[in-house]
Amino acid sequence: MSPLKAGDKAPQFSLPDQDGEIINLSDYVGQRVLVYFYPKAMTPGCTVQACGLRDEMDTLKQQGVDVLGISTDKPEKLARFVEKEMLNFTLLSDEDHHVCEQFGIWGEKKFMGKTYDGIHRISFLIDANGNIEHVFDKFKTSDHHQIVLDYLNSNA
């Protein structure tokens with residue numbers, strides 16, 4: 001696994017959102033977007049992470065940042081996650097993990113003694129020109145939103 005780095009061009013992608021609508025990264029040209037990858041909707045850690053972003057959405061918007069969450073869940077499951085947690089940002093379905101691979105965050109993981117391939121929890125802040133401005137790879141699900149806000153505030 002070799003995640004993209006700051007300065008790299010963000011791969012262009014088109015994925016279905018929680019409503020089955022196709023969303024393109026190119027829709028966000030001219031603005032910053034936080035693309036965050038998470039393993040599985042409606043699991044405890046992913047819920048804490050998503051709710052932290054939900055609760056800070058006004059602040060993120062004031063900083064000119066949109067949010068896209070990406071997992072390998074089907075759009076129907078993402079729709080249930082959005083409804084259950086009242087999420088106020090877009091979730092995207094990368095069922096074949098093609099976009100995860102383009103960003104370099106699909107790879108070997110270990111959990112409870114088992115080894116498997118899956119999504120590594122990493123976020124990418126993409127600038128208005130489509131380049132990766134910053135990579136967030138060291139955080140807890142409970143403080144992910146704060147790490148992002150701290151970065152935005154120190155680089156305003």
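The lining of the largest pocket holds five nonpolar, two polar and two charged residues. Here Ala, Val, Leu, Ile, Met, Phe, Trp, Tyr, Cys and Pro count as nonpolar, Asp, Glu, Lys and Arg as charged, and the others, Gly among them, as polar. This is a predicted model: local features need pLDDT of at least 70, side-chain atom pairs count only at pLDDT 80 or more, and totals for chains, interfaces and linings use all residues. Residues are numbered from 1 along each chain as its sequence is written, and side-chain values use heavy atoms, with hydrogens and water left out.

Stay with the largest pocket. Its space comes to about 220 Å³. A pocket is an open set of points on a 1 Å grid over the protein atoms alone, with protein on both sides within 12 Å along at least five of seven lines; a cavity is a set where a 1.4 Å probe fits but cannot get out; lining residues have an atom within 4 Å of a point. Grid points are joined across faces, edges and corners, and a volume is the space filled by probe spheres set on them. The pocket lining includes Trp 106, Phe 111 and Tyr 116. Strand 6 (106–111) and strand 7 each give at least two residues to that lining. Strands (E, at least two residues) and helices (H or I, at least four) are DSSP runs, numbered from the N terminus.

Now look at Tyr 116. This residue lies in strand 7 (residues 114–119). Together with Phe 111 and Met 112, Tyr 116 makes a nonpolar surface patch of about 380 Å².

The largest cavity has a volume of about 50 Å³. Among its lining residues are Leu 25, Tyr 28, Val 29 and Asp 127. That lining divides into six nonpolar, three polar and one charged.

Finally, turn to two loops. Met 42 sits between strand 3 (32–37) and helix 1 (44–55). Its phi is near 70°, a positive value in a residue other than glycine. Met 42 is partly exposed, at 32% relative accessibility. Met 86 is in the loop between helix 3 (75–85) and strand 5 (90–93). Phi of Met 86 is also positive, near 50°. Met 86 counts as exposed, because its relative accessibility is 64%.

Note on methods. Patch = residues over 30% accessible without salt bridge, like charges linked within 9 Å, V, L, I, M, F, W, Y side chains within 5 Å. Areas by Shrake-Rupley, 256 points an atom, 1.4 Å probe, with all protein chains shown as cover. Salt bridge = Lys/Arg side-chain N within 4 Å of Asp/Glu carboxyl O. Buried < 20%, exposed > 50% of the residue type's maximum accessible area, 1.4 Å probe, protein only.
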